[in-house]
Amino acid sequence: MKTILGIETSCDETAAAILQQKNDRIQILSNIIASSASLQAKFGGVIPEYAAREQIKSIIPVIKQVILDSLLTINQIDAISVTYGPGLIGSLLVGVETAKVLSVIWNKPLIPINHLLGHFYANWIDHSTRSLPMFPFIGLLISGGHTDLLLFTDHNKYKYLGGTRDDASGECFDKCARLLGLSGIQGGAEIAKLAQKGNPNIYKLPRPMINSNDFDFSFSGLKTSVSNIVSPLTINHKLKADLAASIQQSIVEVLIKKAVKATQIYNIDQIVISGGVAANLSLKQSLSKSFSGKLFIPPPSLCTDNGAMVAAAGFFTKPISNPLKLTTNPSLGF
Ligand code: KG4
Ligand code: ZN
């Protein structure tokens, strides 16, 4: 049995979780996400300085509470894992410096986690009713900052197949949400909600790069098409819902086409999805229909940024030999 405290502060969240691995199962003992999203919503996006200032205030209370909630003592925690990149420099520093200090004063190993890989480990959590992903699989990361396709052959071993050339799928959802006048930082969730009442066949939006001979994506043109429609659009709830449904369908179709193509070309029967956009129900439903292999998508609460995925990744990642040497890497990639 092993127990890990995970800390995640790459964007506007201050998140921590304690997870325990027993046999092959990883379970959440406690999980807290404090977000400055509602405070930031009025600015229409995350303001980095503001996010970091809120995180400095909440990091210690969040860690204290997650330990209390776990009903464990500090002695029962075996290691600390922390996101060291990519992300906002000020935000990353809050998590990394806190984790370094705790690692030294509590004498626990410190495990540096790449946030991008961390997202995939949400699929390894709490498997009492679900099976675990098996290698090899096609991994699709769809978040606010990333849209990437990878072929994973083992933990931390992968071939990068392709990614977005401009905006990420989540970023496109967020920018389109703003064009539609929707408030809130999780624009994708707002569009998904509105899309339930809309008809996706009224507006014909492009499916960028859907038939391109690679695994790359491009979503900035889709946002431009939406802005061309929105300007003359009188603010009418029904038309907004139709447009939301078209935006969602266009993004979902492109993501599915490329992910399924990767499984065919590499002869793989599993797709593992991660990142905030993976919370999209329409994506899950459409992919279940068009892909006959095994599909892994975390529950919605574990798709967006959280400490549990960082703790889960810690079970499969090596600790750093000298915790005090850990530095943040805001532009870390795959
Ligand atoms: O993974 P995440 O929490 O943050 C990054 O690492 O970027 O992803 C946030 C993204 C946002 O762009 C948000 O609009 C999108 O995930 N998102 C969704 C949904 N919920 C969150 N996109 C589509 N449908 C949703 N239900
Ligand atoms: Zn993320």
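In this predicted model, a nitrogen atom of ligand 1 lies 3.0 Å from an N or O atom in the side chain of Asn 280. This pair is a polar contact (a pair of N or O atoms within 3.5 Å).

| Residue | Protein atom | Ligand 1 atom | Distance |
|---|---|---|---|
| Asn 280 | side-chain N or O | nitrogen | 3.0 Å |
| Gly 144 | backbone N or O | oxygen | 2.8 Å |
| Gly 187 | polar backbone atom | oxygen | 3.3 Å |

Taken alone, ligand 1 exposes 560 Å², and 89% of that is buried by the protein; accessible areas come from the Shrake-Rupley method with a 1.4 Å probe.

The shell around ligand 1 holds 20 residues, the closest being Gly 144, Asp 174, Gly 188, Gly 276 and Asp 305; a residue counts if one of its heavy atoms lies within 4 Å of the ligand. By class, the shell has five nonpolar, 13 polar and two charged residues, with Gly counted as polar, Asp, Glu, Lys and Arg as charged, and Ala, Val, Leu, Ile, Met, Phe, Trp, Tyr, Cys and Pro as nonpolar. At least two shell residues come from each of α4 (115-120), α5 (169-179) and α6 (187-195). Helices (H or I, at least four residues) and strands (E, at least two) are DSSP runs, numbered from the N terminus.

Ligand 1 sits in the largest pocket, in the sense that more than half of its atoms lie within 2 Å of the grid points. A pocket is an open set of points on a 1 Å grid over the protein atoms alone, where a 1.4 Å probe fits, with protein on both sides within 12 Å along at least five of seven lines; lining residues have an atom within 4 Å of a point. The volume of the largest pocket is about 1300 Å³, taken as the space filled by probe spheres set on the points, which are joined across faces, edges and corners. The pocket is lined by 49 residues, and Ser 143, Gly 144, Gly 170, Asp 174 and Gln 186 are the closest to its centre. The lining takes two or more residues from each of α4, α5, α6 and α9 (281-290). Its residues divide into 17 nonpolar, 24 polar and eight charged.

Two cis peptide bonds can be noted: Gly 85 to Pro 86, with omega near -10°, and Phe 135 to Pro 136, with omega near 0°. Pro 86 is in the loop between β4 (79-85) and α3 (89-106), and Pro 136 in the loop between α4 and β6 (137-142). Asn 156, although not a glycine, has a positive phi of about 60°.

Residues are numbered from 1 along each chain as its sequence is written, and chains are lettered from A and ligands numbered from 1 in the order in which they are written. Local features need pLDDT of at least 70 and side-chain atom pairs count only at pLDDT 80 or more, while totals for chains, interfaces and linings use all residues; side-chain values use heavy atoms, with hydrogens and water left out.

Note on methods. A polar contact is a pair of N or O atoms within 3.5 Å; within protein, one must be able to donate a hydrogen and the other to accept it, and residues adjacent in sequence count only if both atoms are side-chain atoms.
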